Amino acid sequence: MDELKHCDFTSRDELDAALAAEVAAQLAAAIARRGEASLVVSGGSTPLQFFARLSVQQLPWEKVVITLADERWVAPDHADSNERLLREQLLVNAAQAARFVPLKTADNSAEQAEQALGEALASLPEFDVVILGMGADGHTASLFPCAEQLERGLDLESTAACIAVQPSTAAHQRMSLSLSRLLQSRQLIVHITGAEKKAVLETALREQDACKWPIYAIVGQRKVPVALYWSE
Ligand code: 6PG
């Protein structure tokens, strides 16, 4: 399998436009092949304009299932909820016809939700496209280097599709897709901006330690094609 594919852009605007077109093309191809498509997206601040551009792509969105790589364990209308971000920025315009599978349940804690949600996520087909962000500490999804649950999340032998995570360096308990579920996919895309994150990724590629830099478990693996979409 090829190494990490680099797609660099001179502006965020160009990156967002190219990424939206690429994701729409991959979803359209999946629908043409199998009659349906699945997409995993991440929260945080980086994907805002990308979501806006993707939401207006012309696709049979009713045939697309969308879920999140991770969620903060807060009410779906909370300012920090990734679900809220998606409902406001992505599940609008043409994309409002897509089926959304939330990671936040009515359970009091992510631990309580882990098993039932994991079974529901395990029953989804192989994902067509998974888009991941990265924090300056090298976390991706909610696989945080500081979290004691990291080893479980990175365990490729594990059948758990999601894990409850308590980061010590970020707010809120989280629910994260596990590495093994993220890799049950046809295409991984890492979407980051800025020189600082680029330097972190380069360090991760050099040090090759997923416990220190969880993003390495994505960009260093060779099972699923992975592309890096980056701009200043
Ligand atoms: C989350 C995300 C997380 C995010 C990175 C980058 O819910 O926190 O899914 O993994 O992608 O933290 O976040 P920024 O885009 O805000 O830098």
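Modeller: Before counting anything: helices are DSSP runs of H or I with at least four residues, and strands are runs of E with at least two. Keep in mind that this is a predicted model.
Biologist: Fine. How many helices and strands does the protein chain have?
Modeller: The protein chain has eight helices and 10 strands.
Biologist: And what does the C-alpha trace span along its principal axes?
Modeller: About 40 × 40 × 35 Å.
Biologist: Which residues come nearest to the ligand?
Modeller: There are 14 residues around it, and T46, D70, N82, A141 and K197 come nearest. By class, the shell holds two nonpolar, eight polar and four charged residues.
Biologist: What does T46 do there, in terms of distance to the ligand?
Modeller: A polar side-chain atom of T46 is 2.5 Å from a ligand oxygen atom. For H139, a side-chain N or O atom lies 2.7 Å from an oxygen atom of the ligand.
Biologist: And G43, what distance there?
Modeller: That one involves the backbone: an N or O atom of G43 is 3.3 Å from an oxygen atom of the ligand.
Biologist: How much of the ligand does the protein bury?
Modeller: Taken alone, the ligand exposes 420 Å², and the protein buries 87% of that.

Technical notes
Residues are numbered from 1 along each chain as its sequence is written. This is a predicted model: local features need pLDDT of at least 70, side-chain atom pairs count only at pLDDT 80 or more; totals for chains, interfaces and linings use all residues. Side-chain values use heavy atoms; hydrogens and water are left out. A residue is near a molecule or strand if one of its heavy atoms lies within 4 Å of it. A polar contact is a pair of N or O atoms within 3.5 Å; within protein, one must be able to donate a hydrogen and the other to accept it, and residues adjacent in sequence count only if both atoms are side-chain atoms. Accessible areas come from the Shrake-Rupley method with a 1.4 Å probe; for residues, only the protein chains shown count as cover. Ala, Val, Leu, Ile, Met, Phe, Trp, Tyr, Cys and Pro count as nonpolar, Asp, Glu, Lys and Arg as charged, and the others, Gly among them, as polar.
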